[in-house]
Amino acid sequence: MTTLTTDTIAFELDGKTIDAEPGETILLAARRAGVDIPHLCYTDGLRADGNCRACVVEIDGERVLAPSCCRAPKPGMKVRAASERARASQRMVLELLRADVAPESEKTDSELAYWCDQLGVGASRFAPRQQPATDTSHPGIAVNLAACIQCNRCVRACREEQVNDVIGYAHRGEASKIVFDLDVSMGSSTCVGCGECVQACPTGALLPATVGAIAAATERVAEVKPPRFVPTRKVDSLCPFCGVGCQLTYHVAGEGAAQKIVFAEGRNGPANAGRLCVKGRYGFTYSRNRERLTVPLIRKPGIPKGVNLDPANPLAAFREATWEEALDFAASGLARIKREHGPQALAGFGSAKGSNEEAYLFQKLVRTGFGTHNVDHCTRLCHASSVAALLEGIGSGAVSNPVRDVEFADLMIVIGANPAANHPVAASFIKNASERGSKLVMMDPRQTPLARHAWRTLQFRPDADVALLLSMACVIIEEGLTDPAFIAARTEGFDAFRDAALQYPPERMAPITGIDADTVREVARAYARGPNSIIFWGMGVSQHTHGTDNVRCLIALALMTGQIGRPGTGLHPLRGQNNVQGASDAGLIPMMFPDYQRVAEPGVRARFEALWETTLPSEPGLTVVEIMDAAAAGRIRGMYIEGENPAMSDPDLEHARAALAGLEHLVVQDIFLTETAMLADVVLPASSLYEKTGSFTNTDRLVQLSQPVLPLPGQARQDWWIIQQIAQRMGLAWDYAGPAGIFAELTRAMPSYAGITWAALEGEGAVVAPKVAVDVPSQPVLFQSDFPTPNGLGRFVPVTPLPAAELPDADFPLVLITGRVLEHWHTGSMTRRADVLDALDPQPWCGMHPDDMTNAGLAHGDRVVLETRRGHIELEARADEGVQPGSVFMAFCYVEAAANLLTQPALDPFGKIPEFKYCALRVRQACMH
């Protein structure tokens, strides 16, 4: 006999007693008890609307049938879902809805078709409506309203779940229909392509464009056999793009080497709850792009190294090779340099796009095979300053709370980040919280789409972050809004920080920040009082010469108010790449072994020497930009680069490309002939996420398992296998059988992963780190009782506002700010080879304030030249009121107008991160060709 909680509600359904959990509707309680009631306007994850009436049931004592999707059961209630009256009504509703759907538009596997089959409803007896035309104006979404039953699931998905407010329901009576914005085509609308409407649609009125094309093709083909690209199987895996770590189901068609992903759907994962963005939904086609590397390449003798030597045929500089030849050539060149010039003449860049196992192997190879700690990855270019400050201040470089903790937050600060473009699924949860009443504060030199949901927007002047944050701290201290008990019990160094912060009241800082003192005081009070306040930040905070100071200020705000260690509070640096957290955890950092254990500490080094059975150097290695400088100076002579593209991502690209081209031996392992691979001596074709098994750690510290969706193309190989082959040829006795075995060693090297097992990842799908032992629970919220510092205390570090490394002047009067755009990601090597994404944003552009454009004699859409002291590029200028006068914004994903030709390599002294977010610029109209 089942023991029920006192909160359950017993009621009768079709003569059987069932129990409803608190908050359950009749529909959900019935489904949990194994009774399916027809429903169409309801789907999990969306608010129940009750508008289709397919789910009506009969309730004793009530004259009118009730919609079970939005009716709560009561104790003793008697409900009949299968009575003659209920069934007659359900069938009538289904028949009326079927009348709205053009027979040729109805999907045989739609939810409407399913329920009609279940209840024996055939062709409708009612006259059809006038059917609207098909809309194929959007590259990713096919609109066929001839299949629409106006259930409004797409409206709720767009407005209430993703909060994009594009889809509406307009007109009256027979003319009523779903519309996009003010009744324009979807392609002309403000749709951001998240595809939530497609996933919600029960009939196929909204479809992935690939499936829409299949439907159209099927109508023209009389064969009974479906085309080979109709999906035949599903694979659960992960998204390969940002750090949110969305779980997906990929629908795959074809056999053998001809297999392809047809469309993707969001799964109910811990980080995404079924949601996706345009990149996750439509970005998968890059894996089968015609430019995919499928055979090893060796540079032809006498061919000079250069980017785009022959743009029409970049492969002309290389010849194809066997794997044995390519691996021997790659390893022998690295071994020769080590032998002739010493270990410090070698370096390696690992990848944040690869798995934890690959990152672990790569850094182990550099340390034990090359004999140096000259290993780094893209964290140096995104959150190195965040990690430096977090380790210093609270003893951990990881986020304290998951993104979805906004559910418990009373106030959310988003500073130096554009989640709507860079982390759209995370942004949707922030928007949801704002809609429920949480106060959202946006702080950024540029006004981004999330600002329309903000309670307050602080659009401060570029490079004034430290001044603004110190002025907030000053208010909190001046007005007695600190948490003295928390400061006394759990922190150190407050007095010195207090004395420094009190020098920067908001009235004094207003001329510097551009934010009036009253607004600063209002926001500071709200943050301190909470009760629960959380801070998110991105690379607008970290990519500065004062990035570490920025994060020190954020840490101080949390510590002085006690806004950390509880749900809805804390510090969250939003991670840019899908595994930058895991790659950092696994040791792709020159001054730290896995789990942020410092290489300079003898005890730590001794433990890794015992684990790896070798002697290790005691001096920390060089960082990304330092390695490039050393290569330019001839001190670094050979490099192994796995899945990174520094010829696009590094600052001052002419310098970086010249450094790479000057290497004696460059080994590049990638899936495309990237700008970096064009400079290589040997290129090794690797695996995309869609072809590998491995664990990945998202921005929430959630360790998740990817599964192969497609076979490897051509002769491409798994990244871990390639790394092991190089290691073996450099004298290391490695014999890993696969990712599971590598992960087992990784957990021995990393105390924070020690309690995570491969079996748990396979069974549970996701485990939160840290998990120090199998029988010890994970900690989604960190620092509840102490900090992992030597004395358990959080540390305040005083800071002082300092000028940027390069200031505007008469020759270069503007400021360049770089970032990302929604449709593209990182250097564009993947997204610009994804058909839908590149169709949505195919050309490079920059944003300027309309006043600046007018003053320069420019119009929206004009071609302009952007020029700094390091280089110039040409691209389209667009008017954008979100960009402050005096500044220009552009993304760094366009190879034909590479933003990093302009940026400067000045470094934060602590995090060694380059100054991407601020350099002096001038703009002029491009010459007409």
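The points below cover aromatic pairs, charges over rings and one barrel in a predicted model.

1. Basis. Local features need pLDDT of at least 70 and side-chain atom pairs count only at pLDDT 80 or more, while totals for chains, interfaces and linings use all residues. Residues are numbered from 1 along each chain as its sequence is written, and side-chain values use heavy atoms, with hydrogens and water left out.

2. Aromatic pairs. Rings of Phe, Tyr and Trp (its six-membered ring) pair if their centres lie within 6.5 Å; planes under 30 degrees apart count as stacked, over 60 as edge-to-face and the rest as tilted. The count by this rule is 17 aromatic pairs. The ring centres of F593 and F608 are 4.4 Å apart with planes at 15°, so this pair is stacked. It links distant parts of the chain, 15 residues apart: F593 lies in strand β23 (residues 592–593) and F608 in helix α21 (residues 602–612). Helices (H or I, at least four residues) and strands (E, at least two) are DSSP runs, numbered from the N terminus. Both F593 and F608 are buried (under 20% relative accessible area, 1.4 Å probe, protein chains only).

3. Ring cluster. F241, Y250, Y286, Y690 and W825 are linked into a cluster by ring pairs.

4. Charges over rings. The criterion is NZ of Lys or CZ of Arg within 6 Å of the ring centre and within 35 degrees of the ring normal. R490 has its charged end over the ring of F787, 4.6 Å from the centre. For R552 over F910, the distance is 4.0 Å.

5. Barrel. Six strands form a closed barrel with mixed pairing, in the order β32-β36-β33-β35-β34-β37; two strands pair if DSSP finds at least two bridges between them. Strands β32 (residues 814–819) and β37 (residues 919–925) run antiparallel and are joined by three bridges. V815 stands opposite A920 in β37.

Notes
Buried < 20%, exposed > 50% of the residue type's maximum accessible area, 1.4 Å probe, protein only.
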